[in-house]
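Here's a friendly first walk through this structure. Take a look at it, then read on.

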Amino acid sequence: MTMSVVLAALFMAVLDSFIVVVADPSIVADLHASDSDVQWVLAGYQLSYAVFIITATRLADLYGRKRIFLLGVALFTLSSVACALSPNAGSLTASRVIQGLGAALMVPQVFAFVTVLVPAARRHSVYGVLGIVMGMATIGGQVIGGLLIGANLFDSGWRMVFWVNVPIGVALFLLALRHVPETGRAASRKLDVPGVLVLSAALFLLVLPLIQGQEAGWPGWVWACFAGSAVAFGGFVAIERGLERRGGDPLVPLKLFRQRSFSLGIILVLALYALIYSYYLALSVTMQQGLNLSALGAGLVQAPAATAFFVFSVVASRIIPKYGRRVLEVGAIILAIGYLATGLLLVSGPRITPLLVIPTLVLQSVGGGLVITPALNTVLSRVTPESAGVASGVLSTTQQVGGALGVAAIGAVFFSSFHPAAVGRVAAAGHAFAVASFGVLVFAVIAGIAVFLLPRRPTAQA
């Protein structure tokens, strides 16, 4: 029951990164929001989520994972009510920022609970389920969002994508009170306040320009933020090294990155989440703005791919103990072929239609199911229970930074290639989606290189 509760919370938090994408046109129409307003509805959640995750993991180590998890569920649920009741774009953005804080408190505790509570012999299978949950929330988010908006229950329109969190959140809070045990609470440890402040600044200066740079046209302040982020990260490393030498409790023990499976796994996760976040955003824009599909129609285009992802994620979780890294290798190759095939198909001449891209989307999901699901196990399999919290925080932060990086890079490529006024919406969408497919292929290749450099048996225990 414990794993079911925390995995449901994980699904809800990841889903809210994607379910809002298909709601954008409805939010614009109902709240008379500008493009910048809608961008911040997406960005506010992602920014607070990314910046606060690692701090949340250390708070859980100090005060108890169950306590922080419950606080996250409560905050997420209450902010979902605020989102659903928002009268304008400003209040919706503010509520989304708080919702992101709730997600940051919840999500890393899920990974830590798996590492601490599940015996090593069974951990790989639980990580497999965890990967399936995250992948389905990622790929299925727009499908679910489209269904909810299309159903228009109680004439709620886009607000239903937030109302749906409320009964789920209340149920999870009550179930967690009863079934989730308390772990953590290391009273002898202290919070690394300088590390928290400097790392939060570094992440803010990195993620903000990644999210807003393309929309703003990459002005000077964006590059100043990147430079400031590099300096802040350098300062953070210096602070953590000094604290380790003095025998203190660093926010992020740098020895974690000396593990080959962890450091390469972080690069793998960064690349995978960069491609998956950005590609489904480009697909949603292509289907809705290019082909004039409804939110429901755009979501249903992704339904076959979501099904394929689920099936092959289950397959991966079953065969990874026997075949190890070879599963990820096959998945990475198929994933790259899927993006290449989409790009080549669209540049060869046919006008883009849903039926034209569905087969290659399914091919991508076959590869994604085989590599994305085991990737989480690759990162965390050799982490000791004592380091589970901070390792989970680093992993969750990497996912968010990867998503922001992918959306910034592929978003810039996509929108700079999307010129409906010149050639018409359908032709422009097909060309832009082809270019985006080739762009995402770069991330797929980086992920593939990381896979082939991993230890042969990623599920082996230290």
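## Ground rules

This is a predicted model, so local features need pLDDT of at least 70, side-chain atom pairs count only at pLDDT 80 or more, and totals for chains, interfaces and linings use all residues. Residues are numbered from 1 along each chain as its sequence is written, and side-chain values use heavy atoms, with hydrogens and water left out.

## Aromatic pairs

Let's start with the rings. A pair of aromatic rings is described by the distance of the centres and the angle of the planes. Rings of Phe, Tyr and Trp (its six-membered ring) pair if their centres lie within 6.5 Å; planes under 30 degrees apart are stacked, over 60 edge-to-face and the rest tilted. Searching the whole structure turns up 12 aromatic pairs.

Take Y279 and Y339: they pair edge-to-face, at 4.8 Å centre to centre with 75° between the planes. Y279 sits in helix α11 (residues 260-290) and Y339 in helix α14 (residues 325-347), so this pair ties together parts 60 residues apart in sequence. Helices here are DSSP runs (H or I, at least four residues), numbered from the N terminus. Y279 and Y339 are both buried, where buried means under 20% relative accessible area, exposed over 50% and partly exposed in between (1.4 Å probe, protein chains only).

F414 and F415 make another edge-to-face pair, at 5.2 Å centre to centre and 90° between the planes. F414 counts as buried at 1% relative accessibility, while F415, at 35%, counts as partly exposed.

## Nonpolar cores

A nonpolar core is a set of buried Ala, Val, Leu, Ile, Met, Phe, Trp, Tyr and Cys residues joined through side-chain atoms within 4.5 Å. The largest one has 149 residues, and those with the most contacts inside it include L272, L275 and F433. Helix α11 gives the most to this core, with 19 residues.

Which residues does L272 touch, not counting residues up to four places away in sequence? They are L335, V371, I372, A375 and A447, with contact meaning heavy atoms within 4.5 Å. There's also a second, separate core of five residues, among them A56 and L105.

T286 belongs to helix α11 and is buried, with a relative accessible area of 0%. Leaving aside residues up to four places away in sequence, T286 touches L291, I352, F414, A429 and F433.

Notes: Helices (H or I, at least four residues) and strands (E, at least two) are DSSP runs, numbered from the N terminus.
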